[in-house]
Amino acid sequence: MNLERVLIAIAAVLFAGAGIYVARHLLLNVLNPDGKGAHRKTAAILQKYALIRGFKVLSGVTLRFKGDAFTIENMLVGFFGILIVSTMGGRGEYYGQIDGKQWQRVLGDEKKSFPNPIAEQDRAVAALRGVLSAKKLYNIPIEGLVYLSSGSKKTSLYVTHGGRILLPGQLAPYLRRTKFDKDTGLDVGKIEAAVRENAG
């Protein structure tokens with residue numbers, strides 16, 4: 001009788017786990033075609049990596065520099081330098097040129113244009129360097145990536161990007177590269193403070 005109860009309990013746990021997985025898959029890849037909130041999933045991956053290393057993750061930063069505003073979606077600050085990650089979370093086929101002003105996402109008969117995230121990121125990085133230089137923080141390695149987070153079968157990428165776009169599931173493995181273990185002697189706290197002081 002006890003064995004039967006144990007088997008029933010195990011089956012219930014497995015069933016519940018499967019239900020959660022299916023619900024999550026539907027939410028992320030079916031019911032949310034525009035990928036709203038996908039940047040939070042990216043932030044969670046960065047936070048998990050940063051937590052045990054004493055690194056910082058800054059999210060939703062609007063940087064003010066020379067009278068202009070520059071949005072940084074997610075920023076990982078560590079002893080290695082700074083990694084800025086923007087997220088493309090919507091389902092569909094992505095088209096564009098690395099130096100183009102606009103990219104497109106096509107899903108069925110619907111086509112949506114949006115600013116080239118790599119170009120937007122490059123402008124934000126230039127502003128960030130200016131902010132850090134004003135605080136006498138020089139020669140800090142800064143890298144920018146775009147994370148295509150949608151794992152839907154209807155999502156594909158047709159952009160020549162020189163390695164600056166990571167496909168679904170590739171962000172966490174990318175963070176395991178040895179370059180992120182490099183200690184360049186940076187003061188994470190000073191960098192964080194400089195960013196926050198110039199954030200709107």
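Select K135 to begin: in this predicted model K135 is partly exposed, with a relative accessible area of 41% (partly exposed lies between buried, under 20% relative accessible area, and exposed, over 50%, with a 1.4 Å probe and protein chains only). E197 belongs to helix α5 (residues 188-197) and K135 to the loop between α3 and β7 (142-148), so that the pair links parts of the chain 62 residues apart (helices are DSSP runs of H or I with at least four residues, strands are runs of E with at least two, and both are numbered from the N terminus). E197 itself is exposed, at 54%.

Residues are numbered from 1 along each chain as its sequence is written. Local features need pLDDT of at least 70 and side-chain atom pairs count only at pLDDT 80 or more, while totals for chains, interfaces and linings use all residues, and side-chain values use heavy atoms, with hydrogens and water left out.

Next, select D34, R105, E110 and K112, which salt bridges with shared partners join into one network. R105 is buried, at 10%, whereas D34 is partly exposed, at 32%. K112 and E110 also meet in a salt bridge, at 3.7 Å, N to O.

Conventions:
A salt bridge is a side-chain nitrogen of Lys or Arg within 4 Å of a carboxyl oxygen of Asp or Glu.
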